[in-house]
Amino acid sequence: GFSIGFINARDKHEQPLYNVQLLADVDKEAAYTFKRNFPEIPYLVEDLRNVKSSAIKNIIKEKEIDIVIGGPPCQGFSSAGKRLFDDERNQLLRNFVEIVVALKPKIAVMENVPTLLGSQHQEYAEELIEWLDKKGFDTQARILKSEDYGVPQLRRRAFFAAFRKDLKIKAQAYFPPTFDNSDDNEMPTVVSVEDACGDLPPLKSGGGTDPVL
């Protein structure tokens with residue numbers, strides 16, 4: 001799902017902004033669905049913990065990667081004293097960052113559960129940002145609200161955006177919302193479910209069509 005936004009992104013001339021070089025996920029069903037729709041894009045069906053950056057480089061060859069995106073599961077939010085990268089349940093998070101460091105993209109974007117930026121787990125996020133800083137990335141982390149970006153859904157997610165320091169881009173300047181919900185005196189500007197799909201023809205109970213693959 002994360003990749004679809006980049007695949008569908010277009011410039012003002014309706015030309016694709018991104019050329020996706022590789023996907024990686026352990027879910028075979030997700031890989032099957034994606035490959036039915038985008039057979040030309042390589043898909044690595046592997047546990048990220050078992051994937052070396054050298055294997056990824058062998059697939060993408062000599063191409064320079066502009067952006068690495070990902071949403072690695074991060075379940076180890078125990079307050080029992082373990083640090084972020086010492087908890088094996090957070091190994092996928094570490095693997096993702098290691099791949100970012102190895103590929104040295106211009107930008108890396110990661111999404112995760114909002115509790116990662118909560119007060120109880122603040123030290124985890126700070127450790128992640130510190131690590132990326134030492135590896136040459138200026139990083140900003142924020143909790144974003146989906147309704148601020150035209151999505152007909154109330155959803156909160158933590159996002160990290162890391163910019164390679166040689167680009168001299170300040171990460172804190174990013175994440176501008178596309179919808180302005182700042183005026184408390186007026187109804188917020190959001191897209192409702194009716195706005196998104198209210199013009200679709202009605203269906204009888206049990207009705208529908210076969211999905212297009």
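Lysine 106 is partly exposed, at 31% relative accessibility; the classes are buried under 20% relative accessible area, exposed over 50%, and partly exposed in between (1.4 Å probe, protein chains only). This is a predicted model, in which local features need pLDDT of at least 70 and side-chain atom pairs count only at pLDDT 80 or more, while totals for chains, interfaces and linings use all residues. Residues are numbered from 1 along each chain as its sequence is written, and side-chain values use heavy atoms, with hydrogens and water left out.

A salt bridge joins lysine 106 to aspartate 66, with 3.3 Å between the closest N and O atoms. The two residues lie 40 residues apart and link distant parts of the chain: lysine 106 sits in the loop between helix 4 (91-103) and strand 4 (107-112), and aspartate 66 in the loop between helix 3 (53-60) and strand 3 (67-70). Helices (H or I, at least four residues) and strands (E, at least two) are DSSP runs numbered from the N terminus. Aspartate 66 is also partly exposed, with a relative accessible area of 38%.

## Salt bridges in the whole structure

Side chains of opposite charge can pair when their charged atoms come close. The criterion for a salt bridge is a side-chain nitrogen of Lys or Arg within 4 Å of a carboxyl oxygen of Asp or Glu. Searching the whole structure gives eight salt bridges.

Aspartate 47 pairs with arginine 49 in a salt bridge, the closest N and O atoms being 2.7 Å apart. Aspartate 47 is buried at 18% relative accessibility, whereas arginine 49 is partly exposed at 45%.

Glutamate 147 forms a salt bridge with arginine 156, at 3.2 Å between the closest N and O atoms. Glutamate 147 is buried, with a relative accessible area of 8%; arginine 156 is partly exposed at 37%.
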